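This report is written for a reader who has not seen this structure before. The sequence and the model come first, and a description by topic follows.

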Amino acid sequence: MSGLLFIVSAPSGAGKTTLVRHLLRREPDISLSVSTTTRKPRTGEVDGRDYRFIDEASFRAQIKTGNFLEWANVHGNYYGTSRQWIEEAGEKGIDTLLEIDWQGAEQVRKAMPDKTVGIFVLPPSLEALAARLAERGTDSPEVIQKRLLAAREEIRHAQEFEYVIINDVLETALDNLIAIVRASRLTYARQKQRHNALFTALDAANLPPLT
Ligand code: 5GP
């Protein structure tokens, strides 16, 4: 039984991190992939919990040795997903959630097409996005403008994802995210893998058709 890979992408300011935090509380049997980054830790961030913080030389060395399932440069910093982590979770049948950008999503989708479920989180409007970006501390209008442009660039890739969640009311967005997770686990192929003994027994019983 191989685990699913839920990829959640969003422009910054769409509320992705809060949504994912709530999902993991409600659906504890999903493990969150902890990315490696060259970005400096923000206040309150813990190494090994939020990210594995490393320097650029180490990151480049890990690219060379093939340690990353995917990696990308996002706004000047490098981010990558540990191949070993994903493979181990997959082998144990554990579903994993990746909070990565569209570039990473593209690479994972290509590497593991049968396992990925792509979910894109949108803000309810550009005005709401701009307001949320402006709320984030004391940044200058230029910095906010730059973030808004980057967010619009990310949004251009929403069409590459199977599902879209509009994060207007958190509770509704969360319900929708949970619905996607549950439905993805209930496809015929997944159910057959998970309940192999049942399917085999039903096959063996050679039941007459339901007419
Ligand atoms: P932040 O620095 O604000 O935590 O994240 C910035 C961006 O990097 C977000 O869009 C986030 O989804 C993305 N990101 C975080 N980890 C990874 C990763 O492992 N791979 C890729 N490709 N993007 C990541």
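## Aromatic pairs

The model described here is predicted. Seven aromatic pairs are found in the structure. One of them joins Y188 and F199 in an edge-to-face arrangement, with 5.6 Å from centre to centre and 90° between the planes. Y188 belongs to helix 8 (residues 188-194) and F199 to helix 9 (residues 196-205), so this pair ties together parts that are eleven residues apart in sequence. Is Y188 buried or exposed? Y188 has a relative accessible area of 57% and is therefore exposed, the cut-off being over 50%.

A single aromatic cluster is formed by F59, F68, W71 and Y78. Another ring, that of F161, has the charged end of R109 over it, 5.0 Å from the ring centre.

## Overall make-up

The protein has 211 residues, and 40% of them count as buried. Its secondary structure comprises nine helices and nine strands. Along the principal axes, the C-alpha atoms fill a box of roughly 70 × 40 × 30 Å.

Among the contacts in the protein with a separation of 6 or more, 68% are between residues 24 or more positions apart.

T36 is part of strand 3, which covers residues 36-37. The relative accessibility of T36 is 4%, so T36 counts as buried, the limit being under 20%.

Leaving aside residues up to four places away in sequence, T36 touches R52, I54, F59, F68, Y78, Y79 and G80. Of these contacts of T36, F59, F68 and Y78 are also members of the aromatic cluster that includes W71.

## S82 and its surroundings

S82 lies in strand 6, which covers residues 77-82. With a relative accessibility of 15%, S82 also counts as buried. Not counting residues up to four places away in sequence, its contacts are R52, N67, F68 and L69. R52 and F68 are touched by T36 as well.

Which backbone atoms does the side chain of S82 reach? The side chain of S82 reaches the backbone nitrogen of Q84 at 3.4 Å, and the backbone nitrogen of W85 at 3.0 Å. S82 and A131 are 49 residues apart in sequence, and their C-alpha atoms are 34 Å apart in space.

## Helix 5

Helix 5 covers residues 126-135, and its buried residues are A128, L129 and L133. Seen down the helix axis, these buried residues fall within an arc of 135°, so they line one face of helix 5. They pack against helix 6 (141-155).

The other side of helix 5 carries E127 and E135, which are exposed.

## Ligand surroundings

How many residues surround the ligand? There are 15, and the closest are K16, S35, R39, Y51 and Y79. Y79, which is also in contact with T36, has a polar side-chain atom 2.5 Å from an oxygen atom of the ligand.

Key: Residues are numbered from 1 along each chain as its sequence is written. This is a predicted model: local features need pLDDT of at least 70, side-chain atom pairs count only at pLDDT 80 or more; totals for chains, interfaces and linings use all residues. Side-chain values use heavy atoms; hydrogens and water are left out. Rings of Phe, Tyr and Trp (its six-membered ring) pair if their centres lie within 6.5 Å; planes under 30 degrees apart count as stacked, over 60 as edge-to-face and the rest as tilted. Helices (H or I, at least four residues) and strands (E, at least two) are DSSP runs, numbered from the N terminus. Buried means under 20% relative accessible area, exposed over 50%, partly exposed in between (1.4 Å probe, protein chains only). A charge sits over a ring if NZ of Lys or CZ of Arg is within 6 Å of the ring centre and within 35 degrees of the ring normal. Contact means heavy atoms within 4.5 Å. The arc is that of the directions from the helix axis to the C-beta atoms. A residue is near a molecule or strand if one of its heavy atoms lies within 4 Å of it. A polar contact is a pair of N or O atoms within 3.5 Å; within protein, one must be able to donate a hydrogen and the other to accept it, and residues adjacent in sequence count only if both atoms are side-chain atoms.
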